[in-house]
Amino acid sequence: MDDVLGLGPLLASTIRFATPLGFAALGGLFSERSGVVNIALEGMMLISAFAGVVGSYASGSALVGLATGLAAGLLIGLVHAAVSVSLQADQIISGTAINLLALGGTGFLMETVFGSGGTSPRVSAFDPVRIPGLADIPIIGEALFNQSVLVYLLYLLVPLTVFVLRRTRFGLRLRATGEVPEAVDTAGISVVRMRYAGVALSGMLAALGGVYLSMGVALSGMLAALGGVYLSMSLLSAFTENMTLGRGFIALAALIFGRWTPVGAIGAALLFGLAQALVVTRGSDVPIPQEFVAMFPYVLTIIALATFGGRAVAPAASGKPYRKE
Amino acid sequence: MDTRPAEAPDAPPPPRRPAAEVVRRQLGAAGRALVFPAVAAVLAFAVGAVVILATGQDVGAAYSALFRGGFGSAGAWGRTLLNATPLIFTGLAVALPFRAGLFNIGGEGQLYLGAIAAVWVATTLGGPAPLVVIAAIVAAGLAGFLWGAIPGALKGLGAHEVITTIMLNFIAINLVTWLALNPLAGASATPGTGSVADPVRLARLGAGLGRAHWGLLLGLVAAVIAYLVIWRTARGFAIRAVGLAPEAARYAGIPVAVNGLLAIALGGLFAGIGGGIEVLGVYGRVSIPFVANLGFNGIGVALLGRNHPAGVVLGAIFFGGLAAGAQEMQFAADVPLDLADVLLAVVLLFVTATGIAELLIGRRARALVDGTTLGRGLAG
């Protein structure tokens with residue numbers, strides 16, 4: 001069957017745009033479900049994107065980069081938890097502080113580690129891995145199953161998150177902590193510990209999104225898959241200052257749009273990814289200045305929030321520091 | 001309240017002079033207000049010291065260069081005040097909406113739009129220079145006001161202002177980039193708009209203060225106006241009521257959405273004027289890329305200044321000095337400039353942490369926390 005409409009490349013591009021959003025949205029889910037608003041997703045992604053590149057640069061191995069990226073995400077998650085849960089700072093302000101820390105900190109570390117700001121040296125990244133059989137499905141096979149291992153990890157994490165939240169004791173306790181922390185406390189479960197767990201998981205999931213951004217796809221793979229439009233994407237195997245460009249916030253919007261459920265959040269991430277892929281792959285047919293093309297994901301996010309944000313139901317205790325009385 | 005009887009039988013204490021009493025109370029209030037910022041600043045410098053040590057530099061040398069570069073001479077003060085000028089405006093842009101319980105992270109975009117509006121008016125409008133300056137600043141404020149009204153209106157539709165203001169920043173930056181490179185493009189070799197004619201620029205303060213300009217005084221005036229609006233008008237009362245207790249305000253017939261919208265639009269007005277004054281006082285044009293992070297740094301300024309206009313001015317001078325000193329620190333002690341941003345972020349991280357103050361001064365700390373809080377989740 002011939003892909004006359006170019007659906008395969010469009011789907012492949014959609015997946016690439018949606019993946020960092022999907023990881024971060026799942027990250028936001030764990031934090032919010034535990035009752036901690038996570039505005040810091042953006043900063044967590046940015047720091048992890050940098051830490052991953054440093055790890056990969058130092059070792060020559062993308063896997064080591066993944067580990068250092070995850071460690072950075074965990075660390076920043078623990079900082080957010082320590083400040084907003086233990087020290088009871090305003091969660092939104094603490095998150096904003098982490099975002100600014102990520103921006104200034106990665107700038108500082110670029111100078112310290114690589115000797116100059118801007119863009120890091122190219123590092124080893126995750127090349128696309130073709131899954132035989134599945135990748136042979138007409139039209140969609142190549143798009144879905146000739147991707148980076150990180151994309152496959154995201155495929156697995158979605159059902160896993162549903163299972164953990166719905167079917168495990170941990171998931172039940174986490175959700176209860178975000179809705180009625182008093183009841184969780186009365187049942188003898190530590191609200192503080194559950195919130196630390198939620199925010200730490202959030203940091204590590206956001207880290208996967210960050211690592212995907214900075215080293216998700218090697219340049220050779222990008223060129224082959226996208227045929228020329230790679231330049232308008234930041235998915236290169238290097239770190240660039242402020243490379244997240246608001247994706248952490250778009251992921252939060254996806255989470256809200258998806259009504260704080262894993263499947264909803266991933267669906268919203270895919271929708272945002274599709275919209276962006278459409279603009280990037282088909283945008284050249286319409287004479288729109290590139291600045292307006294670049295505005296598109298942000299405008300879309302606002303429209304999505306303004307249309308559906310009001311009807312969304314957040315975890316009841318989300319945003320409120322918990323104080324034992 | 002002093003409820004002692006006026007005439008005690010034995011050894012009556014001399015009645016305290018009312019004026020002295022008022023001053024003492026005011027100083028006491030100001031002192032208590034400084035607890036959180038002071039704790040946060042000390043912690044930030046401690047974290048900074050660890051970072052400097054980790055990069056193998058001398059903490060003493062680095063911090064003395066930081067102080068010298070920020071406050072050590074008239075020239076240093078000039079650079080500090082130059083940096084502080086836009087931060088007063090972007091700090092007010094956060095402080096005023098905060099009083100209504102809204103967190104405006106959109107100062108960056110509002111400042112960009114103010115800057116481009118000022119350049120547009122200043123380069124196209126003819127007439128006496130002072131009138132053109134005023135028209136340019138009004139245009140800058142109007143642009144910021146309208147851009148700030150958008151997240152206010154969206155809030156009414158259930159879209160949280162933290163996300164919408166960030167999204168609007170990216171939209172504004174792209175819009176200003178397009179405007180500066182297309183309809184307003186100048187003939188200069190560096191990309192950006194044309195330049196504002198010299199008579200339309202803001203004059204320098206002189207007095208050995210280098211490039212610091214009259215925009216600083218406009219910033220101080222703006223802070224006074226913000227104070228009067230918030231604490232001396234019925235509208236300001238409504239805005240504070242909405243921030244402190246939205247349900248009570250609603251019950252009292254104060255429209256929550258309208259006052260929130262107005263507060264964040266007024267915040268945008270200040271950021272827009274800040275952008276206009278920055279181009280009229282410093283750059284004379286909007287170059288692409290334009291100066292970054294003035295809006296974001298306003299968040300730290302406002303929260304360090306506890307969202308009070310006087311605190312915003314002090315916070316702006318503190319961060320202005322930090323940025324000026326960081327240049328000296330990079331030169332003298334080889335510590336990257338970005339450390340100033342790191343210090344700012346760490347201050348912000350700790351400035352609302354009641355837990356730290358509780359550890360230090362016990363439960364009294366809770367009484368010091370301002371009633372206005374943001375933490376209400378992300379749903380509308």
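These legends describe close-up views of a predicted model.

**View 1. Chain B as a helical chain.** The secondary structure of chain B comes to 16 helices and zero strands. Chain B has 380 residues, and 54% of them are buried. Among contacts in chain B with a separation of 6 or more, 75% join residues 24 or more positions apart.

**View 2. Helix α7 of chain B.** This helix covers residues 161-181, 21 residues in total. From first C-alpha to last, α7(B) reaches 29 Å. That is close to the 30 Å expected at 1.5 Å a residue. The helix is mostly covered, with 16 of its 21 residues buried.

View 3. B:N174 sits in helix α7 of chain B. Its relative accessible area is 17%. The cut-off for buried is under 20%, so B:N174 counts as buried. Leaving aside residues up to four places away in sequence, B:N174 touches A:E291, A:A294, A:M295 and A:Y298.

**View 4. A salt-bridge network in chain A.** Over all chains, the whole structure holds five salt bridges. In this view, A:R130, A:D136 and A:E142 are linked in a network. The side chains of A:E142 and A:R130 meet with an N to O distance of 3.0 Å. This pair links distant parts of the chain, twelve residues apart. A:E142 belongs to helix α5 (residues 140-145), and A:R130 to strand β1 (residues 129-130). A:E142 is partly exposed, at 36% relative accessible area. A:R130 is also partly exposed, at 39%.

**View 5. The salt bridge between B:R68 and B:E328.** The closest N and O atoms of B:R68 and B:E328 are 3.3 Å apart. B:R68 lies in helix α3 (residues 59-71) of chain B and B:E328 in helix α13 (residues 309-333), so the pair ties together parts that are 260 residues apart in sequence. B:R68 is partly exposed, with a relative accessible area of 41%. B:E328 is partly exposed as well, with a value of 24%.

View 6. B:R250 and B:E247 meet through their side chains, at 3.4 Å from N to O. Both residues lie in helix α10 (residues 246-251) of chain B. They are three residues apart, so about one helical turn separates them. B:R250 is partly exposed, with a relative accessible area of 47%. B:E247 has 57%. The cut-off for exposed is over 50%, so B:E247 counts as exposed.

**View 7. A cis peptide bond in chain B.** The bond that joins B:I288 and B:P289 is cis. Its omega is about 0°. B:P289 is placed in the loop between α11 (256-283) and α12 (294-304) of chain B.

**View 8. Positive phi at A:I139.** A:I139 is a residue other than glycine, yet its phi is positive, near 65°. The residue lies in the loop between β1 and α5 of chain A. A:I139 is partly exposed, with a relative accessible area of 27%.

**View 9. Positive phi at A:R259.** A:R259 is not a glycine, but its phi is positive at about 55°. Its place is in the loop between α11 (247-257) and α12 (262-282) of chain A. A:R259 counts as partly exposed, at 40% relative accessibility.

**View 10. The largest cavity.** The structure holds two cavities of 30 Å³ or more. About 40 Å³ of space lies in the largest one. Its lining is made of A:S84, A:V85, A:Q91, A:V191, A:V192, A:R195, A:P321 and A:Y322. Helices α3 (62-86) and α9 (191-215) of chain A each supply at least two lining residues. α9(A) gives the most, with three residues.

How values were computed: Residues are numbered from 1 along each chain as its sequence is written. Chains are lettered from A and ligands numbered from 1 in the order in which they are written. This is a predicted model: local features need pLDDT of at least 70, side-chain atom pairs count only at pLDDT 80 or more; totals for chains, interfaces and linings use all residues. Side-chain values use heavy atoms; hydrogens and water are left out. Helices (H or I, at least four residues) and strands (E, at least two) are DSSP runs, numbered from the N terminus. The expected span of a helix is 1.5 Å times one less than its number of residues. Buried means under 20% relative accessible area, exposed over 50%, partly exposed in between (1.4 Å probe, protein chains only). A salt bridge is a side-chain nitrogen of Lys or Arg within 4 Å of a carboxyl oxygen of Asp or Glu. Contact means heavy atoms within 4.5 Å. On a 1 Å grid over the protein atoms alone, a cavity is a set of points where a 1.4 Å probe fits but cannot get out, and a pocket is an open set with protein on both sides within 12 Å along at least five of seven lines; lining residues have an atom within 4 Å of a point. Grid points are joined across faces, edges and corners, and a volume is the space filled by probe spheres set on the points.
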